[in-house]
Amino acid sequence: MKIKDRSFYGKVAWVTGSSRGIGRVIAAHMASLGASVAVHGTGPFSSRAFNEAESLEAVAQAISAEHGTKVLPVHGDLTDEKTVKSLASQIRTQLGPIDFLVNTAGGDIGSAGTLGPGGGKPQNNDALFISLEDLRTVLDRNLMTCILVCREVAPEMMQRKSGSIVNFGSDDGLWGREKSAIYATAKAAVHEYTRCLALLLRPHNG
């Protein structure tokens, strides 16, 4: 009989952008390893954007039922520092200290959101003619979300000398792109931010 790997039992994971897509898959995998998981979406029904689930609550219930772990749905705009702090507080209160942070929130999505034309991709989606509103939205959605959540969670890991952070970038951030240029720029910045963060955290790895 195959022994189920529950090596994350007793640990707490926060996976941002996990109402759907790769984030949801990662959240489910961490739950399968025994972790209590906070699944996150921008809103309570963000999983509906691409018809992946009826709601964030439904995603949490499905993962919990499949893997027998606590799964907490949290939602909010991670480009807002107060919201980030509030969500982290909810997770700590209901699940415990955060042991794993996985930042998958992002996407080449402009100010119209995922319900906009073309799945929300900005119009004039290049290095020069993208609207300023879309440019700022894409940078905030991909880079600032990552930075703000790391700023909230990493200090407690430093104090405990324990914890893991995974920030998702993209192949698009490895070379120039004619289209999706600002998304590629943001992901390249995520790559570099992660390198800088790793250097800061390394001395605190117990």
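**A buried alanine and its surroundings**

Ala35 counts as buried, at 0% relative accessibility; buried means under 20% relative accessible area, exposed over 50% and partly exposed in between, with a 1.4 Å probe and protein chains only. The model is predicted, so that local features need pLDDT of at least 70 and side-chain atom pairs count only at pLDDT 80 or more, while totals for chains, interfaces and linings use all residues. Residues are numbered from 1 along each chain as its sequence is written, and side-chain values use heavy atoms, with hydrogens and water left out.

**Setting of Ala35**

- Ala35 lies in the loop between helix H1 (21–32) and strand S2 (36–41); helices (H or I, at least four residues) and strands (E, at least two) are DSSP runs, numbered from the N terminus.
- Not counting residues up to four places away in sequence, Ala35 touches Phe8, Tyr9, Lys11, Met30, Thr69 and Lys70, where contact means heavy atoms within 4.5 Å.
- A distance of 13 Å separates the C-alpha atoms of Ala35 and Ala65, which are 30 residues apart along the chain.

**The aromatic pair**

- Rings of Phe, Tyr and Trp (its six-membered ring) pair if their centres lie within 6.5 Å; planes under 30 degrees apart count as stacked, over 60 as edge-to-face and the rest as tilted. By this rule there is one aromatic pair.
- Phe8 and Phe100 form this tilted pair, at 4.5 Å centre to centre and with 35° between the planes.
- The pair links distant parts of the chain, 92 residues apart: Phe8 is in the segment before strand S1 (12–16), and Phe100 is in strand S4 (residues 100–103).
- Phe8 is partly exposed, with a relative accessible area of 21%, whereas Phe100 is buried, at 13%.

**The sheet and its helices**

- Five strands form an open sheet in the order S3-S2-S1-S4-S5, with parallel pairing; two strands pair if DSSP finds at least two bridges between them.
- Strand S3 (71–75) and strand S5 (164–167) stand at the edges, each with a single partner strand, so one side of each has no neighbour in the sheet.
- From one strand to the next, the twist averages 15°.
- S1 and S2 run parallel and are joined by four bridges; Val15 stands opposite Val39 in S2.
- Helix H2 (residues 56–67) packs on the sheet and touches S2 and S3, its direction making about 160° with that of S3. Axes are lines fitted to C-alpha atoms, for helices over the stretch in contact, and angles run from 0 to 180 degrees between N-to-C directions.
- Helix H3 (residues 81–94) packs on the sheet, touching S1, S2 and S3, and its direction makes about 165° with that of S3.
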